[in-house]
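Look at the structure first, then read the points below.

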Amino acid sequence: MLTLYSTQASGNSYKVRLMLAQLGRPFRLVEVDIFAGENRTPDFRARNPEGRVPLLEVDGRFLAESNAILFYLAEGTRFLPADAFDRAEVLRWMFFEQHSHEPGIAAARFWLRQVRGGRDLRTHDVDRWMEEGYAALRVMERHLGDRRFFVGATLTIADMALYAHTHVAEEGDFSLQGFPAVRAWLERVAAEPDHVDMEWRPSVAAA
Ligand SMILES: N[C@@H](CCC(=O)N[C@@H](CS)C(=O)NCC(=O)O)C(=O)O
């Protein structure tokens with residue numbers, strides 16, 4: 001059985017929980033309290049030297065990086081197109097998510113909402129997060145203007161990767177008011193069969 005090391009409030013961890021729920025694949029969930037440093041222990045670093053969640057354990061091997069995990073899980077499923085160009089488009093949006101979207105939108109939520117005193121600690125970063133985050137939202141808005149999903153006509157892992165932090169962007173002080181296409185897409189993703197929210201956990205308990 002797959003084991004997912006995950007933090008419930010982490011958007012990157014949520015991507016993987018969402019994908020596993022969409023697939024209907026059973027998995028064991030191990031909650032890692034990053035606020036208590038459980039991801040920085042020697043034991044955890046032996047599994048992932050970077051000391052971050054999410055981390056997927058597959059038959060004794062460990063895979064880090066949320067979008068790499070999505071890609072691994074998506075192989076051979078409807079969430080990764082067979083056409084080479086479309087597959088590359090999926091990767092393109094997942095690279096965009098990591099390079100241009102997550103650093104502003106997720107960092108703002110993490111420091112402004114989740115870390116006690118984070119707003120004072122990182123006050124000099126807020127303008128940059130806002131500038132980068134809104135730039136990413138504008139790119140998404142333009143792309144989604146005449147599309148239902150990021151690649152092709154159905155949900156792929158590119159949507160899941162981008163949904164995870166976008167649907168909670170307002171927790172990082174972003175307003176989605178000026179982004180109607182993004183809001184309509186968020187509703188479409190949430191209306192998909194087998195969609196789960198960030199609070200969801202599988203019924204299999206961690207040992
Ligand atoms: N690029 C990585 C980023 C992973 C990441 O930053 N994880 C955060 C939680 S969302 C974490 O483990 N933070 C704790 C730390 O860095 O100490 C991914 O997409 O998986």
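Helices are DSSP runs of H or I with at least four residues, strands are runs of E with at least two, and both are numbered from the N terminus. An axis is a line fitted to C-alpha atoms, for helices over the stretch in contact, and angles run from 0 to 180 degrees between N-to-C directions. The model is predicted: local features need pLDDT of at least 70, side-chain atom pairs count only at pLDDT 80 or more, and totals for chains, interfaces and linings use all residues. Residues are numbered from 1 along each chain as its sequence is written, and side-chain values use heavy atoms, without hydrogens and water.

**Helix pair**
- The axes of helix α1 (residues 11–23) and helix α4 (residues 84–114) cross at roughly 115° and come within 11 Å.
- Gly11, Asn12 and Lys15 of α1 make the contact (heavy atoms within 4.5 Å) with Glu97, Gln98, Glu102 and Arg109 of α4.

**Ligand site**
- In the side chain of Arg52, an N or O atom is 2.9 Å from an oxygen atom of the ligand.
- A nitrogen atom of the ligand lies 2.8 Å from a backbone N or O atom of Val53.
- A nitrogen atom of the ligand is 2.7 Å from an N or O atom in the side chain of Gln98.

**Glu89**
- Glu89 belongs to helix α4.
- Glu89 is buried, with a relative accessible area of 19%; buried means under 20%, exposed over 50% and partly exposed in between (1.4 Å probe, protein chains only).

Key. Polar contact = N/O pair within 3.5 Å; in protein donor to acceptor, adjacent residues only side chain to side chain.
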